[in-house]
Amino acid sequence: MGEPDAKRLKTDDEAEYELIYWPGIPGRGEFVRLLFEEAGVPYQDHSRPADQAMAWVLRLTDPMNTGDDSNPPVFAAPVLKHGSLILNQTPNILIYLAPKLGLSPPPTETAFYHLNQAALTILDGFCSEVHETHHPVATSLYYEDQKEEAKKRSKAFIEERAPKFLAYVQRLLDSKTSGDGPWIHGSSLTYVDLVLFQCIDGTSYAFPKTMANLKSSGKYRAVFELYEAVKERPNIKAYLASDRRTKYADGIWRHYPELEKTIEVEVTLKE
């Protein structure tokens, strides 16, 4: 087998980090922002202003775009640009950034891959599956065109999927690899704790009654304690209070009250 092309592996760690994402929604771009914000590392967020953000995303994802000499074409946002390197796919961006930002062990350690498997599972449950609750048939259709199917899908998420994924994270936190602190792996925060924070926060916006019920059950105590611990970290707390944090609207985490009609608990919906 030939040696990897050194040109393709070379990156400029002194180059500015740039995030390209859709305007007006937190979405999958939020996972990337949280890493930069927690690490206190400057980055250029091209999701604002809206017209420039759209131009960035549409240019990179244009079906006629075939990439360049070093980068293949990307499929969808979020996109990370770091010097001449261009990456997409949220988990791919996260495992590129995390070691550089001090938010994971290096890829030479097995813990790096254990963290990745945890992140992939959490993203499946509280990102991809949450999106499917309001768009269970096709992303090209409006929610109103698939509302009845969405009610069925949401019922399954509320009763089966959300508890199953929360139980898995609780098992992670109960495991020996979690250490003594509130974090998923070891004694210090990693990028997976930030991923979990955003997933719990977004899902609590989309399904406030469901998440309130699950929290009050006491079965997932450590999960919600981790969420609160991340929320109180100085850099994250400052970010959440700033105008850099985009409010929920359309996108992955949407709140449709009718999708929780079987939930009896009344809670206050977050902005």
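User: Where do Glu30 and Arg33 lie, and how many residues apart are they?

Analyst: Both residues belong to helix H2 (residues 29-39), with a separation of 3 residues, about one turn of the helix. Helices here are DSSP runs of H or I with at least four residues, strands are E runs of at least two, and both are numbered from the N terminus. The model is a predicted one, in which local features need pLDDT of at least 70 and side-chain atom pairs count only at pLDDT 80 or more, while totals for chains, interfaces and linings use all residues. Residues are numbered from 1 along each chain as its sequence is written, and side-chain values use heavy atoms, with hydrogens and water left out.

User: What do the side chains of Glu30 and Arg33 meet in?

Analyst: They meet in a salt bridge, at 2.8 Å from N to O. The term denotes a side-chain nitrogen of Lys or Arg within 4 Å of a carboxyl oxygen of Asp or Glu.

User: Is Glu30 buried or exposed?

Analyst: Glu30 counts as buried because its relative accessibility is 0%. Buried means under 20% relative accessible area, exposed over 50%, and partly exposed in between, with a 1.4 Å probe and protein chains only. Arg33 is likewise counted as buried, at 0% relative accessibility.

User: Which salt bridge does Arg33 form with Asp45, at what N to O distance?

Analyst: The side chains of Arg33 and Asp45 form a salt bridge at 2.7 Å, N to O. This pair links distant parts of the chain, since Arg33 is in helix H2 and Asp45 is in strand E2 (residues 43-45), 12 residues apart. Asp45 is buried, as is Arg33.

User: And what about Glu129 and Arg153?

Analyst: Glu129 and Arg153 form a salt bridge whose closest N and O atoms are 3.1 Å apart. Glu129 lies in helix H5 (residues 110-134) and Arg153 in helix H6 (residues 147-174), so the pair ties together parts 24 residues apart in sequence. Glu129 is buried, at a relative accessible area of 10%.

User: Which residues do salt bridges with shared partners join into one network?

Analyst: That network consists of Glu30, Arg33, Asp45, Asp201 and Arg245.

User: How many salt bridges does the whole structure have?

Analyst: A search of the whole structure finds 14.

User: Changing topic: at what angle do H2 and helix H4 pack?

Analyst: H2 and helix H4 (residues 90-100) pack at about 10 degrees, with axes 10 Å apart. Axes are lines fitted to C-alpha atoms, for helices over the stretch in contact, and angles run from 0 to 180 degrees between N-to-C directions.
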